[in-house]
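Hi,

Here is the structure I promised to pass on.

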Amino acid sequence: MTTAVAPSPTDHEHDAHHEHPAWLAHHFDDAEQQFDAGKLGMWIFLVTEVLFFSGMFCAYALYRNRNPEVFEFCSTFLNEKLGAINTGVLLFSSLTMAWAVRASQLKQTKTLIGMLGATLGCAAIFLGVKAVEYSHKWGLGLFPGKYYVSQVEGAPHSTVPYLWYLCIPALILLVAFVLYYVYAFVSASKFHLRVAGPLVVAASCFFGGVKLGQVLEAEESHGDSHASAGADAHGHEHSDHAGHDHAKEVSAPSVNLLGEAEVVTHDVAVSPAETNTPESNVNQKGMAGLFFSIYYCMTGVHAFHILGGMAVITWLIVKSARFEFHSKYYGPVDNVGLYWHLVDFIWIYLFPLLYLIT
Amino acid sequence: MIPTFLADINDTFWFPKQASTFAHDVDWLYNAIVYISVAFFVPIVAAMIYFTVKYRERPGYKGSFEALHNTTIEVLWSVIPTFIAGWIFWQGLLGYLDMQSPPPAGTEDIKVIAKKWSWNFKYPNGAESPELHVPVGRPSKMIMRSEDVNHGFYVPSFRVKRDIIPGRFHYSWFTPTLEGTYDLFCSEYCGDNHSTMNTKVFVESEEAYAKFLAEAIKEPEDIVERGKWLYERKGCKTCHYAGKEGSAAGPGPSYNGSWGKPVPLVKGADASGKETLFDEEYVLNSIMDPDRQRRKGYEGAGNMQSYKGQLKIEQVEALAAFIKSLESETPPAKK
Amino acid sequence: MSVVTNPVTMPATHPEAGKEDNYLTHSSGFLSWALTLDHKRIGMMYLVGVMSAFALGGVLALMIRLHLWTPNLEANQAWLLNKTYNQVFTLHGAVMVFLFIIPSIPAALGNFLLPIMLGTKDVAFPRLNLGSFYLWIAGAIFFLFSLFATGLDTGWTFYTPYSIESQGPVIAATLGVFILGFSSIFTGLNFIVTINTMRPPGMTWFRMPLFLWAVYSTSIIQVLATPVLGITMLLLAAEKLLGIGIFDSRLNGDPIAFQHFFWFYSHPAVYIMILPAMGIISELMSVHSHKGIFGYRMIAYSSVAIALFGFLVWGHHMFTSGMADVTTIVFSALTFTVSIPSAIKVFNWIGTMYQGTVSLNTPMVYALAFIFLFTIGGLTGLFLGALSTDMHLHATYFVIAHFHYVMMGGTLIAFLGGLFHWWPKMTGKMFNDFGGILSASIIFVGFNLTFLPQFVLGTRGMPRRYASYKPEFQLLHQLSTIGALMLGVGLLVALLVLLHSLFYGSKAPKNPWGGATLEWECSSPPPHDNFSSAPTVGDPYDFSKIEFDPKTGSYFKKK
């Protein structure tokens, strides 16, 4: 086929004809139509997201209805302090995101980038805390489904450095962003500096989240080990925490069940004779393992949505650094904001449903 | 073989024999829907053809643009089908409730165990058989479970079907009305040899049924006969070829000419040797703990399952004796 | 893969390229197609893609039918091993459902026609549209992988626990379905937004052609149901990879839950397949009867009603699975409610012909064949919706015949009818009408010969997915196989007629059939931006102003 094309209006001429600014796609009549289309598209996408998660909520409802005791037993392995911190972090990020939308409408680019950076940082903190939670559980052998290891008192923790594995991608990103920042600094490019700054801060926030998670997790496991150890010799080491430990013993009695068969304070407690009958024991692959399958699926898919959100927020930072947004064109910020609120919203359901059962 | 629509005088063009109390109602509703469908279909197609001819495009003819809407007729053709659909639903519901209602007292309770790709029926007196025997004129209740994947219990002549999902018990009951031999199919797809997972249902008089139960509980005296008897009843036949019977295409190796020969093994839990001899020990291991010595070339999806707890050691001996008796038979030709 | 390269041949067939500006000649080269944002080119690429998938699925179907020529009681003497047979029917189902029927009408014809019929320049998100196409390609590659890998043998339904222990490439296939699901979601999303926000002045909801109503209803289902399939497939992949146990009975999970999850999507998916086909038939019946559609509003509303009721009836695939009795009964009752809107549509189509001027050309013959076959498909649904008869017919050949009458006799026939109807618009070429009618006739006879015997087989108790059967069924099976071969010949004839037109067809006029919708207002093929000036929107079914001009061989609208 020849490349000879008859004189026909090219896109540019066409745009000029309709006086289309660059930010208005050629097939839209005006800014309002473009904004409405984007907004409706995002709402429909959010509907699909809700339905996507609804599958897992159905699975949750089904198995909780079938084995409520499993969910009570297992939720004691989830650290509600970490969950609560993460809820707070995400709620705060929703605030900064909403602020970013406002800033984009007002063309306050500095505030806009700052707020997007803050949102990104909060997301990183969230993931850092999540990394601590996940690695701690993996260390205990709390894997999903058929890889679940029945919890036995005194069983050695796994020595696999799961937390390190989870930190490696963040570390690589941090190094990359720092190098980018150095490059931006050296080349004195204002645009690159505006982009690199928030990225470096956000990547560092991940490690802040990890530290925060470790501190809280350590507090929790002190209480646990003492309470469950009973007459264990280790108890002496924590005598200075006596008051705290007592409180823990009352609040989480089921932790005692991990093998201390004589402590029958809970209806799912098992005597040694009964441990062989599978129906009476929740501490096994088909019971607790199933809970952790649901836990990892729900929080894992949610975490992937956080990652996706972080990717698009980074894209927004680049666009903002080019001063692309103004009062007539802020649809992308608005729509990403909607998405971010939804991700936040889903967590607000996940937190009580998984962490706050007992 | 001459295929025919009329394999038996009791078969109709549409249906296999009516051999249970449910069959009549199901067929009656089926026929009713056939008549209703014809009553809709024929006028629709007739109108279509008539309009195509009458209003065809031709010189000198120009149709009208007027008839676009007619409330009366539109309401009629919405409401009348609604009532008819409602009636069909109601009749289907009544038939279904018959099947789902608890069976009358005095059922013959038969345990059905479905596994890839065989059926096993356990009778109240402890007898087992790979074919289903039920007494005529008395309700039989199937208590069904699956040992591996989804299966389905389907006897076309009884118009009875029930999925058998692993991890659950499923129930089905029916009252056979006509003595004879009927097909029983697995109706839920269950893997490689799904299409061979079928057997027969023998509907027998009370006397014949009682006689069957008495016979079925004793195993033959002769050890080779006993092995063959077990081979036919414990599901071996589904996967292994023996003599001139069983599944020639596998998935299991043929028994013929196997005894005493070396068996190549895959690396498994028992990595001691690359080969072992086909002897009593190997037969015992293969039946009770097949993962220990997997035969090379047979490690795929249709793996042998352990029969631990289902066969006694004397029964394994009998099976070994049966396989030994086939030492000089030739294996089936492989494609 | 042919999917990517074929579109290049399209503009090459235009001798007068360079003389006139249309979407085919607007720009040239491989990249101008591969990176195009033009909905028409994307539609054409989809068309080539789905037809390739259909060819693949069709070959697999013929393999099934040829294998069943004999009863195969001696499994080792049969043409295919049992295992191979299972793989063939699995891939036939999966390829046809996920790669062909679901994207066929909405993604290929819908993409091409929706903006033009609506009177806009493009869909709302052209980049997303191209993205959907590449997601489709990616999903197709996963499927081809599972075709050439060890062989997928789970059935297209992926029922657990068999799919968990199957050695086949279940993970690749589920990820393929997952990706195709997103392709479908984004197409649906795009269409909804386009129709909602981009209708030009004068295009009110009730001035939309019924094809758009149907595509709109379809899009709603795509958007609402597909995510559930997505999560189901993701959980199944996790089941294989991580042993999460949610659907695995050995880990206390529930295989019935999988069936519920699966059918919550896959039943509405049936309406994703059939609704756009009904939309096409509404267009075909009115244009070729040269008369407005009878009961426009009833048809429009019934599309939406089917879309909504379609969400409430998934349980009718599971009547024998041991659901609670009440659940079973409610699902049966709801199932019957869906039959009514479909019946209304059939009556309205017949009513459209009344007092019209019926031109019996290729698209119309396909449309009439559709009504015949779809009516059989719909009526046989009554047998399966009624509980007591379903106990007998479930999972037999009756079900196979029923859904092929709806899916193939319905969707495929409508797709072909629509393809012939809009072919002059899409390619600018007229096809040989006699050849088209010949193909329709062979397909019609072949189709009935293939599937009518299967109703009898099913009623007589022949279970589905069987590689072997009782010898007494042989005659019926052989009739069915002969029919399938005939069907294959008919489809080849249709393909030849279309290919012939590309090279030897006369130039298509603007409005060869006398349609009143907007796509007939622009030239054939349409220019890059669809309309040089904004079209005047009128009643899409007002045929009183449409006149034939013997000089141009085209219809035109009187002022």
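How many bridges join β9(B) to β10(B), and do they run parallel or antiparallel? There are six, and the two strands run antiparallel. Here strands (E, at least two residues) and helices (H or I, at least four) are DSSP runs numbered from the N terminus, and two strands pair if DSSP finds at least two bridges between them. Within this pairing, B:Thr181 has B:Phe202 of β10(B) as its bridge partner.

Before going on, some housekeeping. This is a predicted model, in which local features need pLDDT of at least 70 and side-chain atom pairs count only at pLDDT 80 or more, while totals for chains, interfaces and linings use all residues. Residues are numbered from 1 along each chain as its sequence is written, with chains lettered from A and ligands numbered from 1 in the order in which they are written. The model scores ipTM 0.90 and pTM 0.85.

Back to chain B. Strand β10 (residues 198-204) also pairs with β4 (residues 132-135), parallel and through four bridges; B:Leu132 is partnered there by B:Val201. Chain B also has an open sheet of five strands, in the order β3-β2-β1-β5-β8 with mixed pairing. Its edge strands, pairing on one side only, are β3 (128-129) and β8 (170-174).

Next, the interface. In total, 84 residues of chain B are in contact with 76 of chain C (C-beta atoms, placed from the backbone, within 7 Å). On the chain B side, the largest share, 16 residues, comes from α2(B). By class, that side has 43 nonpolar, 25 polar and 16 charged residues (nonpolar: Ala, Val, Leu, Ile, Met, Phe, Trp, Tyr, Cys and Pro; charged: Asp, Glu, Lys and Arg; polar: the others, Gly among them).

In chain C, helices α5 (residues 82-118) and α8 (residues 170-197) pack at about 20 degrees, with axes 11 Å apart (axes are lines fitted to C-alpha atoms over the stretch in contact, and angles run from 0 to 180 degrees between N-to-C directions). They are therefore roughly parallel to each other, the term for angles under 35 degrees. The residues of this contact divide into 14 nonpolar, four polar and no charged.

One caution: chain C has a mean pLDDT of 90, with 96% of its residues at 70 or more (pLDDT is the predictor's confidence in each residue, from 0 to 100), but over residues 1-18 the pLDDT is below 50. Where pLDDT is low, the predicted coordinates should not be read in detail.

Best wishes

Key:
Contact = placed C-beta atoms within 7 Å. Parallel < 35°, antiparallel > 145°, perpendicular 65-115°, else oblique.
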